[in-house]
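I opened a new entry for this chain and wrote down what I looked up, in the order I looked it up.

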Amino acid sequence: MPISERELKDLVAAGVIDAATAERIAAHFTHTGAEAPRFDLTHTAYYLGALVVMSALGWFMNEAWARYGGWVLTLIAVAYALAFTVAGESLWPKPGLRQPGGLLFTLAVWMTPLAVFGIQYALGWWPQEARSSYQAYYPLISGSWVVMEAATIVAAAVALKLRPFPFLTFPLAFALWFLSLDLAALLMGSGPVAFEQKQQITLLFGATVLGVTYLLDRRTDQDYAFWLYLFGLVAFWGALTYDEVGSVGYCLVNVGLMLVAVLLQRKTFMVFGAIGVYSYLGHLAFHVFKNSLLFPAALTALGVAIIAAGVWYRSREAAVEAALLRILPGAVRRTLPRYRAA
């Protein structure tokens, strides 16, 4: 897996590898462009900045711009997209700057729905009964947004082809999620989609993304699976958690996510599964010991039990993993991403 320059220096200092080997490793990863997703201060700043820009140019778009007509909106979106693309191209080939360069390409793709909205609005193709504000794109589910979402999917796919950057899967998955909701609204046609229906569609969408990502995992040079797994889990787990926290089935699903984390060697599943199990146990504690003096004791016992479980697993991690692999049929075990060649 890709490692940082600091980690290479630490390996050299520890005598694990020599300086020449470290240089060859660094040159290899620079050539392939492979870089693992990280959450250190620098990379967190990159992604946080990108999300802030996405918010400014999406959710909180100034409605005053719409007063000048659809063509002005389109020109603004295209201008931003070109600026982001040019800036991204200037950073992309430079060592250590591929992440911010890729994020700028992602921002360029993020301008697609705004540009398409402007064109539709200017040509009079926007339904009169629909909201005329681009801000309504995010909170309002409507069949009117399908063209915008389809264009965003195409733009993200083209960008991924030209500049293979894993985070470009974010606007792709986001648009696919909205498309699944808006297609339902378009096909139903009898009125707005009920919240329960949105929840079911999101649950199914998340499960589908996880399944497709499993098939892609470790079949590509870049780790596209990281962001797709994350997005799929947010959709699936979020929809499941909304009103199922108190059920035994919810707890079992989250235990299953934790087991999947061991098999796939993906910590993201462990995080979501652990939060889900904690939520279920916390629900039981609040329900069983509500208004009881034993409530603090129950929460304390719960916390100690979780810590003890973590200590137990840490000392038996390899054995637990081996036991799970033995349980799986050979045909299933061979499909696990860890046994695939990229």
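Entry 1, a phenylalanine. I picked Phe167 in this predicted model and listed its contacts, leaving aside neighbours within four places in sequence. Phe167 is in contact with Tyr47, Met54, Leu103, Thr106 and Trp227.

I then looked up the largest nonpolar core, which has 46 residues. Phe167 is one of the three members that touch the most other members, along with Phe165 and Phe170. I noted which elements give two or more residues to this core: helices H3 (41-57), H4 (70-91), H5 (98-110), H6 (112-122), H7 (146-162), H8 (169-188), H9 (195-216) and H10 (224-244). I also found a second, separate core of 23 residues, with Trp237, Val245, Leu325 and Leu336 among them.

I counted 15 helices and zero strands in the protein chain. The chain has 342 residues, and 40% of them are buried. Of the contacts with a separation of 6 or more, I found that 66% join residues 24 or more positions apart.

How do H10 and H11 pack, and at what angle? I read an angle of about 160°, with the axes 11 Å apart; H11 covers residues 248-264. Angles over 145 degrees count as roughly antiparallel, so H10 and H11 are roughly antiparallel to each other. The crossing of H10 past H11 is left-handed.

I listed the residues on both sides. H10 brings Tyr229, Leu233, Phe236, Trp237, Leu240, Thr241 and Glu244. From H11, they meet Tyr250, Val253, Asn254, Leu257 and Leu264. I sorted the residues of this contact into nine nonpolar, two polar and one charged. Trp237, on the H10 side of the contact, is also in the second core.

Is Thr268 buried or exposed? Its relative accessibility is 15%, and the cut-off for buried is under 20%, so Thr268 counts as buried. I placed Thr268 in helix H12, residues 267-288. Not counting residues up to four places away in sequence, Thr268 touches Phe226, Leu230 and Leu233. Leu233 also takes part in the contact of H10 with H11.

I looked up phi for Arg218 and found a positive value near 65°, in a residue other than glycine. Arg218 sits in the loop between H9 and H10 and is partly exposed, with a relative accessible area of 31%. For Gln265, also a residue other than glycine, phi is positive and near 60°.

Terms used:
Residues numbered from 1 in each chain as written. Predicted model: local features only at pLDDT ≥ 70, side-chain atom pairs only at ≥ 80, totals over all residues. Heavy atoms only, no water. Core = buried A, V, L, I, M, F, W, Y, C linked by side-chain atoms within 4.5 Å. Buried < 20%, exposed > 50% of the residue type's maximum accessible area, 1.4 Å probe, protein only. Helix = DSSP H or I, 4+ residues; strand = E, 2+ residues; numbered from the N terminus. Contact = heavy atoms within 4.5 Å. Axes fitted to C-alpha atoms, helices over the stretch in contact; angles between N-to-C directions. Parallel < 35°, antiparallel > 145°, perpendicular 65-115°, else oblique. Left-handed = near helix turned anticlockwise from the far one by under 90°. Nonpolar A, V, L, I, M, F, W, Y, C, P; charged D, E, K, R; others polar.
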